Amino acid sequence: RCGGDEIAIIPDTISQLAFGAGLFVAASSATVGTVLTSPDGETWTRRETATPRPTVSFTSLQYTSDGFLATSGSSAAPILRSTDGLAWSATTIFTPTLASVPTGIAFGNNRYVMTASAPDLLLLSSDLFVWFRAGRAEARSYNAIATDGKVAVAVGSSRANSGALVETTFDGTTWFARSATTSNVNLTDVT
(Lines give C-alpha, C1' and ligand atoms only; values in the text may rest on other atoms or scores of the structure.)
Protein backbone atom coordinates (compact mmCIF):
# COMPACT_ATOMS: atom_id res chain seq x y z
CA ARG A 1 0.00 0.00 0.00
CA CYS A 2 1.46 3.29 -1.04
CA GLY A 3 0.04 6.77 -0.80
CA GLY A 4 1.06 10.08 0.67
CA ASP A 5 3.90 9.44 3.06
CA GLU A 6 3.13 5.71 3.34
CA ILE A 7 5.60 3.26 1.85
CA ALA A 8 5.10 -0.45 1.30
CA ILE A 9 8.61 -1.46 2.34
CA ILE A 10 11.25 0.15 4.46
CA PRO A 11 13.69 1.92 2.11
CA ASP A 12 16.05 3.09 4.81
CA THR A 13 18.66 1.29 6.81
CA ILE A 14 17.11 0.65 10.20
CA SER A 15 19.39 1.14 13.16
CA GLN A 16 16.82 0.73 15.95
CA LEU A 17 13.35 -0.81 16.28
CA ALA A 18 10.80 -0.72 19.10
CA PHE A 19 7.18 -1.76 19.62
CA GLY A 20 4.68 -0.29 22.04
CA ALA A 21 1.12 1.01 22.33
CA GLY A 22 0.19 -0.98 19.21
CA LEU A 23 2.80 0.69 17.01
CA PHE A 24 6.15 -0.31 15.52
CA VAL A 25 8.68 2.54 15.48
CA ALA A 26 11.90 2.24 13.49
CA ALA A 27 14.79 4.70 13.58
CA SER A 28 16.50 5.27 10.27
CA SER A 29 20.26 5.46 10.07
CA ALA A 30 20.12 6.57 6.43
CA THR A 31 17.70 9.48 6.85
CA VAL A 32 19.01 11.29 9.90
CA GLY A 33 16.43 12.43 12.45
CA THR A 34 13.63 10.38 10.91
CA VAL A 35 11.49 7.62 12.32
CA LEU A 36 9.18 5.25 10.50
CA THR A 37 5.95 4.00 12.09
CA SER A 38 3.70 1.05 11.30
CA PRO A 39 0.64 -0.40 13.00
CA ASP A 40 1.12 -3.78 11.29
CA GLY A 41 4.82 -4.09 10.33
CA GLU A 42 3.93 -3.96 6.63
CA THR A 43 2.96 -0.39 5.75
CA TRP A 44 5.29 2.28 7.06
CA THR A 45 4.92 6.06 7.38
CA ARG A 46 7.90 8.41 7.56
CA ARG A 47 7.73 10.84 10.50
CA GLU A 48 9.84 13.86 11.23
CA THR A 49 11.24 13.98 14.72
CA ALA A 50 11.61 16.95 16.97
CA THR A 51 12.97 20.40 16.37
CA PRO A 52 15.84 20.76 16.74
CA ARG A 53 16.24 17.66 14.63
CA PRO A 54 19.11 15.28 15.44
CA THR A 55 22.01 15.71 13.05
CA VAL A 56 23.31 12.16 13.44
CA SER A 57 21.77 8.69 13.67
CA PHE A 58 19.89 7.32 16.64
CA THR A 59 21.96 5.34 19.11
CA SER A 60 18.98 3.75 20.90
CA LEU A 61 15.20 3.50 20.72
CA GLN A 62 12.83 1.74 23.08
CA TYR A 63 9.30 1.77 24.41
CA THR A 64 8.96 2.32 28.15
CA SER A 65 6.14 3.03 30.56
CA ASP A 66 6.90 6.70 29.81
CA GLY A 67 6.43 6.26 26.04
CA PHE A 68 9.07 6.00 23.33
CA LEU A 69 12.57 7.21 24.24
CA ALA A 70 15.45 7.60 21.81
CA THR A 71 19.02 8.84 22.05
CA SER A 72 21.18 10.27 19.31
CA GLY A 73 24.75 11.43 18.99
CA SER A 74 23.50 14.96 18.32
CA SER A 75 24.36 17.67 20.84
CA ALA A 76 21.29 19.63 19.61
CA ALA A 77 18.88 16.76 20.36
CA PRO A 78 20.59 14.01 22.38
CA ILE A 79 17.29 12.67 23.78
CA LEU A 80 13.96 12.42 21.97
CA ARG A 81 10.66 11.48 23.55
CA SER A 82 7.23 10.56 22.22
CA THR A 83 4.15 9.38 24.06
CA ASP A 84 2.60 7.93 20.88
CA GLY A 85 5.48 7.38 18.40
CA LEU A 86 4.04 10.03 16.08
CA ALA A 87 4.88 13.40 17.68
CA TRP A 88 8.39 13.82 19.08
CA SER A 89 10.08 16.39 21.30
CA ALA A 90 13.78 16.94 21.85
CA THR A 91 15.38 17.33 25.23
CA THR A 92 18.66 19.10 25.70
CA ILE A 93 20.83 17.85 28.50
CA PHE A 94 22.12 20.09 31.24
CA THR A 95 24.92 18.35 33.03
CA PRO A 96 28.56 19.12 33.63
CA THR A 97 29.43 15.41 33.30
CA LEU A 98 28.20 14.64 29.77
CA ALA A 99 31.01 15.02 27.27
CA SER A 100 30.13 11.98 25.20
CA VAL A 101 27.42 10.43 23.05
CA PRO A 102 24.38 8.85 24.76
CA THR A 103 24.23 5.13 23.87
CA GLY A 104 21.03 4.08 25.61
CA ILE A 105 18.22 5.26 27.87
CA ALA A 106 15.69 3.51 30.10
CA PHE A 107 12.84 4.58 32.39
CA GLY A 108 11.64 2.81 35.50
CA ASN A 109 10.69 3.59 39.10
CA ASN A 110 10.14 7.25 38.08
CA ARG A 111 13.79 7.65 37.02
CA TYR A 112 15.67 7.77 33.76
CA VAL A 113 19.02 6.03 33.45
CA MET A 114 21.28 6.71 30.49
CA THR A 115 24.46 5.05 29.29
CA ALA A 116 27.02 7.09 27.37
CA SER A 117 30.07 6.41 25.23
CA ALA A 118 32.52 7.83 27.76
CA PRO A 119 34.07 5.11 29.91
CA ASP A 120 32.46 4.54 33.29
CA LEU A 121 29.52 6.87 32.57
CA LEU A 122 26.00 6.09 33.76
CA LEU A 123 23.68 9.04 34.27
CA LEU A 124 20.52 9.35 36.34
CA SER A 125 17.66 11.88 36.02
CA SER A 126 14.12 12.44 37.23
CA ASP A 127 13.21 15.00 34.55
CA LEU A 128 15.32 14.28 31.38
CA PHE A 129 17.03 17.65 31.86
CA VAL A 130 19.39 17.54 34.84
CA TRP A 131 21.57 14.44 34.99
CA PHE A 132 23.81 13.07 37.74
CA ARG A 133 26.50 10.40 37.68
CA ALA A 134 25.32 7.01 38.86
CA GLY A 135 26.95 3.65 39.39
CA ARG A 136 30.53 2.82 40.08
CA ALA A 137 33.55 4.55 38.61
CA GLU A 138 35.51 1.49 37.57
CA ALA A 139 37.00 0.18 34.36
CA ARG A 140 33.75 -0.27 32.41
CA SER A 141 32.31 0.74 29.05
CA TYR A 142 28.51 0.83 28.86
CA ASN A 143 26.86 0.33 25.46
CA ALA A 144 23.15 -0.17 26.12
CA ILE A 145 20.48 -0.30 28.79
CA ALA A 146 16.96 -1.72 29.05
CA THR A 147 14.35 -2.08 31.77
CA ASP A 148 11.11 -3.85 32.52
CA GLY A 149 10.05 -0.87 34.63
CA LYS A 150 11.44 -2.34 37.82
CA VAL A 151 14.96 -3.58 37.08
CA ALA A 152 17.38 -1.95 34.64
CA VAL A 153 20.12 -3.95 32.92
CA ALA A 154 23.21 -2.25 31.48
CA VAL A 155 25.63 -4.11 29.20
CA GLY A 156 29.04 -3.43 27.73
CA SER A 157 32.55 -4.56 28.48
CA SER A 158 34.83 -4.59 31.46
CA ARG A 159 38.21 -3.14 30.62
CA ALA A 160 39.65 -4.69 33.77
CA ASN A 161 39.28 -8.29 32.60
CA SER A 162 38.27 -7.94 28.90
CA GLY A 163 35.00 -9.66 29.70
CA ALA A 164 31.36 -9.07 28.98
CA LEU A 165 29.71 -6.63 31.38
CA VAL A 166 26.21 -7.12 32.78
CA GLU A 167 25.00 -4.95 35.66
CA THR A 168 21.55 -4.49 37.19
CA THR A 169 19.89 -1.86 39.36
CA PHE A 170 16.54 -1.27 41.03
CA ASP A 171 17.05 2.44 41.72
CA GLY A 172 19.75 3.67 39.33
CA THR A 173 22.20 4.43 42.12
CA THR A 174 23.17 1.00 43.45
CA TRP A 175 24.45 -1.37 40.75
CA PHE A 176 25.10 -5.10 40.99
CA ALA A 177 27.60 -6.92 38.77
CA ARG A 178 26.16 -10.07 37.26
CA SER A 179 28.26 -13.00 36.21
CA ALA A 180 29.12 -13.00 32.50
CA THR A 181 31.21 -16.01 31.59
CA THR A 182 32.22 -14.82 28.13
CA SER A 183 35.64 -13.19 27.86
CA ASN A 184 36.93 -10.87 25.14
CA VAL A 185 33.35 -9.84 24.33
CA ASN A 186 31.80 -6.40 24.19
CA LEU A 187 28.01 -6.65 24.64
CA THR A 188 26.39 -3.99 22.46
CA ASP A 189 22.64 -4.31 23.04
CA VAL A 190 20.02 -5.57 25.48
CA THR A 191 16.22 -5.78 25.28
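Y63 is partly exposed, with a relative accessibility of 33% (buried means under 20% relative accessible area, exposed over 50%, partly exposed in between, with a 1.4 Å probe and protein chains only). This is a predicted model, so local features need pLDDT of at least 70 and side-chain atom pairs count only at pLDDT 80 or more, while totals for chains, interfaces and linings use all residues. Residues are numbered from 1 along each chain as its sequence is written, and side-chain values use heavy atoms, with hydrogens and water left out.

**Aromatic pairs**

- The count of aromatic pairs comes to five (rings of Phe, Tyr and Trp, the last by its six-membered ring, pair if their centres lie within 6.5 Å; planes under 30 degrees apart count as stacked, over 60 as edge-to-face and the rest as tilted).
- Y63 and F68 form an edge-to-face pair, 4.8 Å centre to centre with 65° between the planes.
- F68 is buried at 0% relative accessibility, whereas Y63 is partly exposed.
- F107 and Y112 have ring centres 4.6 Å apart and planes at 45°, so this pair is tilted.
- Both partners are buried: F107 has 10% relative accessibility, and Y112 has 5%.
- F19, F24 and W44 are linked into a cluster by ring pairs.

**The chain as a whole**

- The chain has zero helices and 17 strands (helices are DSSP runs of H or I with at least four residues, strands are runs of E with at least two, and both are numbered from the N terminus).
- Of the 191 residues in the chain, 47% are buried.
- The chain exposes about 8,900 Å², and carbon and sulfur atoms supply 53% of that area (by the Shrake-Rupley method with a 1.4 Å probe; for residues, only the protein chains shown count as cover).

**The β10 to β13 sheet**

- An open sheet is formed by four strands in the order β10-β11-β12-β13, with antiparallel pairing (two strands pair if DSSP finds at least two bridges between them).
- β10 (102-108) and β13 (132-134) stand at the edges with a single partner strand each, so one side of each has no neighbour in the sheet.
- β10 runs antiparallel to β11 (residues 111-116), and six bridges join them.
- P102 has A116 in β11 as its bridge partner.

- Strands β4 (residues 34-38) and β5 (residues 44-48) run antiparallel and are joined by four bridges.
- T34 stands opposite E48 in β5.
- Five residues lie between β4 and β5 in this hairpin, and G41 in the turn has a positive phi of about 80°.
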